[in-house]
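Visitor: Hi, I have a chain open on my screen and would like to talk it through. Could we start with how the helices pack?
Guide: Happy to, let's bring it up.

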Amino acid sequence: AKGGSADDALPTADDDEDTPITLAAQHVLILVDCHEDMFTPWNGESKSAMDLAMSMGERLLQQRIRDTVTLKIGKRNGVGMLLFGTKPLGAGPNQAAEHHSDRDEDDDDDDDDDDEHATGNSRSVHVFIPLDPPGIGQVQTIRACIKGDRNLQEEFAHAPSSPEQTRIAPLQIALEEAVRIFRQAKCVRDKSTKPNEPVDTRTIWILTNQDTPNYYSSATLQLLQNVARDVKESGIQILVWPLAHPQQFGPDSEFDMQSIYGEIVSRDVFEGKRLSTQEDMEEGLDSLQQFWKKIRRLYWGPLILPG
């Protein structure tokens with residue numbers, strides 16, 4: 001862009017591939033656990049871990065909208081949200097395929113496994129917010145939950161102690177679906193179109209208060225770790241936001257990162273601290289926001305999460 005800053009030249013998803021200056025975008029896909037404990041209010045509190053997750057999602061969307069509208073940066077930065085571990089929502093194709101079937105029509109039949117994969121995942125993963133540059137529509141979707149206009153527990157959570165909830169290993173399915181969404185989203189460029197051009201950063205944030213879920217046998221845990229390794233080797237970062245548990249609430253409560261997530265995360269940012277306040281979440285978001293700004297100034301793509 002002539003006469004403007006480098007950030008002004010950030011392309012949108014509809015820009016031509018020969019845009020003179022293309023900076024890497026930062027895409028975040030938030031995976032929110034729908035285990036029953038996520039909806040249980042904390043001891044002496046009216047809020048739950050799910051309330052905190054929705055508030056954080058709203059704040060992230062607002063940050064990205066402000067960056068685009070006010071600061072004129074990050075026009076391609078995508079934000080999406082998946083709910084995982086949900087009750088059966090029907091046998092039809094996953095909404096991920098509906099929202100992100102962005103391949104050409106002649107490519108739709110080139111991978112029969114994709115269709116089978118999407119149909120199976122529809123029973124435990126729900127695309128709550130499609131991965132796109134954020135706008136007011138996405139904010140309104142989350143705000144409806146915060147205001148109580150939508151009851152996520154009624155819509156998506158299993159009944160307490162449901163056999164179905166303990167039978168599946170939902171995070172593995174969610175990670176596989178996240179890879180599909182990153183691959184199909186229009187706003188994501190996973191390959192550079194020119195020499196020395198940085199690729200987009202893709203990051204998965206897992207929001208959960210389940211550090212030792214009982215549905216992981218040694219076999220399913222190994223499978224989950226293998227899937228997570230493949231995700232990271234594809235260039236996608238994985239970060240866990242450890243939320244407070246209704247039975248482990250307080251400033252000294254810890255999240256056992258090693259039991260399940262030690263081999264899954266790219267880096268343990270919060271060092272086992274359970275997050276229980278809006279301030280905890282905003283501190284994490286602000287740290288990442290500052291880091292993204294440094295990346296833009298350096299014209300450099302890979303995201304090294306702050307410790």
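**Helix packing, rings and loops**

Guide: Helix 1 (residues 49-69) and helix 4 (residues 136-146) have axes that come within 9 Å and cross at roughly 160 degrees. With angles over 145 degrees counting as roughly antiparallel, helix 1 is therefore roughly antiparallel to helix 4. Keep in mind that this is a predicted model.

Visitor: Which residues of helix 1 and helix 4 make the contact?
Guide: From helix 1 there are Met-54, Ser-55, Gly-57, Glu-58, Leu-61, Gln-62 and Ile-65, and from helix 4 Ile-136, Gln-138, Val-139, Ile-142, Arg-143, Cys-145 and Ile-146. Sorted by class, this contact of helix 1 with helix 4 has eight nonpolar, four polar and two charged residues.

Visitor: And is the crossing of helix 1 and helix 4 left-handed or right-handed?
Guide: Helix 1 passes helix 4 in a left-handed crossing.

Visitor: How do helix 7 and helix 8 cross?
Guide: The axes of helix 7 (residues 170-184) and helix 8 (residues 218-233) come within 9 Å, with a crossing angle of roughly 20 degrees. Angles under 35 degrees count as roughly parallel, so helix 7 and helix 8 are roughly parallel to each other. Their crossing is left-handed.

Visitor: What makes the contact there, and what classes of residue does helix 7 with helix 8 have?
Guide: Helix 7 brings Leu-171, Gln-172, Leu-175, Glu-176 and Val-179, while helix 8 brings Leu-223, Leu-224, Val-227, Ala-228 and Val-231. The class count for helix 7 with helix 8 is eight nonpolar, one polar and one charged.

Visitor: Switching to rings: how many aromatic pairs does the structure hold?
Guide: Four. In one of them, the rings of Phe-128 and Phe-156 have centres 6.3 Å apart and planes at 90 degrees, so that pair is edge-to-face.

Visitor: Where do Phe-128 and Phe-156 lie?
Guide: Phe-128 lies in strand 3 (residues 125-132) and Phe-156 in helix 5 (residues 152-156), so the pair ties together parts 28 residues apart in sequence.

Visitor: Is Phe-128 buried or exposed, and what about Phe-156?
Guide: Phe-128 is buried, at a relative accessible area of 8%, and Phe-156 is buried too, at 3%.

Visitor: How are the rings of Trp-241 and Phe-270 arranged?
Guide: That aromatic pair is tilted, with 4.9 Å from centre to centre and 50 degrees between the planes. Trp-241 sits in strand 5 (residues 236-242) and Phe-270 in the loop between strand 5 and helix 9 (278-298), so to speak linking distant parts of the chain, 29 residues apart. Both Trp-241 and Phe-270 are buried. Ring pairs also link Trp-205, Trp-241 and Phe-270 into a cluster.

Visitor: Now backbone angles. What is the phi of Lys-72, and of Glu-271?
Guide: Neither is a glycine, but Lys-72 has a positive phi of about 60 degrees and Glu-271 a positive phi of about 55 degrees.

Visitor: Where are they found?
Guide: Lys-72 is in the loop between helix 1 and strand 2 (79-84) and is partly exposed, with a relative accessible area of 42%. Glu-271 is in the loop between strand 5 and helix 9 and is exposed, at 67%.

Visitor: Last one: what does the secondary structure of the protein chain come to?
Guide: Nine helices and five strands, following the pattern β-α-β-α-α-β-α-α-α-α-β-α-β-α along the sequence. Of the 307 residues, 50% count as buried.

Technical notes
Residues are numbered from 1 along each chain as its sequence is written. This is a predicted model: local features need pLDDT of at least 70, side-chain atom pairs count only at pLDDT 80 or more; totals for chains, interfaces and linings use all residues. Side-chain values use heavy atoms; hydrogens and water are left out. Axes are lines fitted to C-alpha atoms, for helices over the stretch in contact, and angles run from 0 to 180 degrees between N-to-C directions. Helices (H or I, at least four residues) and strands (E, at least two) are DSSP runs, numbered from the N terminus. Angles under 35 degrees count as roughly parallel, over 145 as roughly antiparallel, 65 to 115 as roughly perpendicular and the rest as oblique. A crossing is left-handed if the near helix is turned anticlockwise from the far one by less than a right angle, and right-handed if clockwise. Contact means heavy atoms within 4.5 Å. Ala, Val, Leu, Ile, Met, Phe, Trp, Tyr, Cys and Pro count as nonpolar, Asp, Glu, Lys and Arg as charged, and the others, Gly among them, as polar. Rings of Phe, Tyr and Trp (its six-membered ring) pair if their centres lie within 6.5 Å; planes under 30 degrees apart count as stacked, over 60 as edge-to-face and the rest as tilted. Buried means under 20% relative accessible area, exposed over 50%, partly exposed in between (1.4 Å probe, protein chains only).
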